[in-house]
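Here is a brisk report on one fold. It takes the sheet, then the helices, the core and the charged pairs.

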Amino acid sequence: MAKNLWTETEHGLHRDLTFTNFEQAFGFMTRVALVAEKLDHHPDWTNSYNRVSITLRSHDAGNTVTARDRRMAAAIDAILDD
């Protein structure tokens with residue numbers, strides 16, 4: 001899956017992903033959840049069958065993009081590259 005497909009707005013980093021099936025999408029979400037706990041930064045996301053939509057924003061910084069969001073995006077990219 002290609003990297004750097006995040007769209008940045010003043011209120012978050014956003015990325016839509018499509019996997020082969022539900023099992024792959026859910027497996028990806030599980031891996032992200034484990035990293036999110038370690039980084040203490042949890043995405044706003046949705047899942048429908050093989051699609052995952054992610055938005056990263058720092059609620060405690062007024063719903064803006066911070067370095068913490070960029071670290072989480074990089075961690076998600078690393079999971080996709082694995």
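Two strands count as paired if DSSP finds at least two bridges between them. The model is predicted. In it, β2 and β4 run antiparallel and are joined by six bridges. One of the contacts in this pairing sets Thr-18 against Arg-51, its bridge partner in β4.

**The sheet**

Four strands form an open sheet. Their order is β1-β2-β4-β3, and the pairing is antiparallel. The edges are β1 (7–9) and β3 (44–48). Each has a single partner strand, so one side of each is left without a neighbour in the sheet. On average, neighbouring strands are turned by 15° against each other, direction ignored.

The β1 to β2 pairing is antiparallel and has three bridges. Here Thr-7 has His-14 in β2 as its bridge partner. Asp-44 has Thr-55 in β4 as its bridge partner. The hairpin of β3 and β4 has two residues between the strands. Tyr-49 in this hairpin takes a positive phi near 50°.

How much of β4 is buried? Five of its six residues are, so β4 is largely enclosed by the rest of the structure.

**Helices on the sheet**

α1 lies across β2, β3 and β4. The angle between α1 and β3 is about 160°. α2 lies across β1, β2 and β4. It runs at about 15° to β2.

**The core**

In soluble globular proteins, nonpolar side chains tend to be buried together. The largest nonpolar core here has 18 residues. Which of them touch the most other members? They are Trp-6, Phe-19, Phe-28, Val-52, Ile-54, Leu-56 and Ile-76. The elements giving two or more residues to this core are β2 (12–18), α1 (22–39), β4 (51–56) and α2 (67–81).

Leu-56 shows how such a position is surrounded. Neighbours within four places in sequence aside, Leu-56 contacts Trp-6, Gly-12, Leu-13, His-41, Pro-43, Asp-69, Met-72, Ala-73 and Ile-76.

**Salt bridges**

The whole structure holds four salt bridges.

| Pair | N to O distance |
|---|---|
| Arg-15 and Asp-77 | 2.6 Å |
| Asp-82 and Arg-31 | 2.6 Å |
| Asp-44 and Arg-57 | 3.1 Å |

Arg-15 forms its salt bridge with Asp-77. This pair links distant parts of the chain: Arg-15 is in strand β2, Asp-77 is in helix α2, and they are 62 residues apart. Are the two partners buried or exposed? Buried means under 20% relative accessible area. Arg-15 has a relative accessible area of 1%, so it is buried. Asp-77 is at 8%, so it counts as buried too.

The side chains of Asp-82 and Arg-31 also meet in a salt bridge. Asp-82 sits in the segment after α2 and Arg-31 in helix α1, 51 residues apart. Asp-82 counts as exposed, at 69% relative accessibility. Arg-31 is partly exposed, at 36%.

Asp-44 forms a salt bridge with Arg-57. Asp-44 lies in strand β3 and Arg-57 in the loop between β4 and α2, so the pair ties together parts that are 13 residues apart in sequence. Both count as partly exposed: Asp-44 is at 29% relative accessibility, and Arg-57 has a relative accessible area of 24%.

Terms used:
Residues are numbered from 1 along each chain as its sequence is written. This is a predicted model: local features need pLDDT of at least 70, side-chain atom pairs count only at pLDDT 80 or more; totals for chains, interfaces and linings use all residues. Side-chain values use heavy atoms; hydrogens and water are left out. A nonpolar core is a set of buried Ala, Val, Leu, Ile, Met, Phe, Trp, Tyr and Cys residues joined through side-chain atoms within 4.5 Å. Buried means under 20% relative accessible area, exposed over 50%, partly exposed in between (1.4 Å probe, protein chains only). Contact means heavy atoms within 4.5 Å. Axes are lines fitted to C-alpha atoms, for helices over the stretch in contact, and angles run from 0 to 180 degrees between N-to-C directions.
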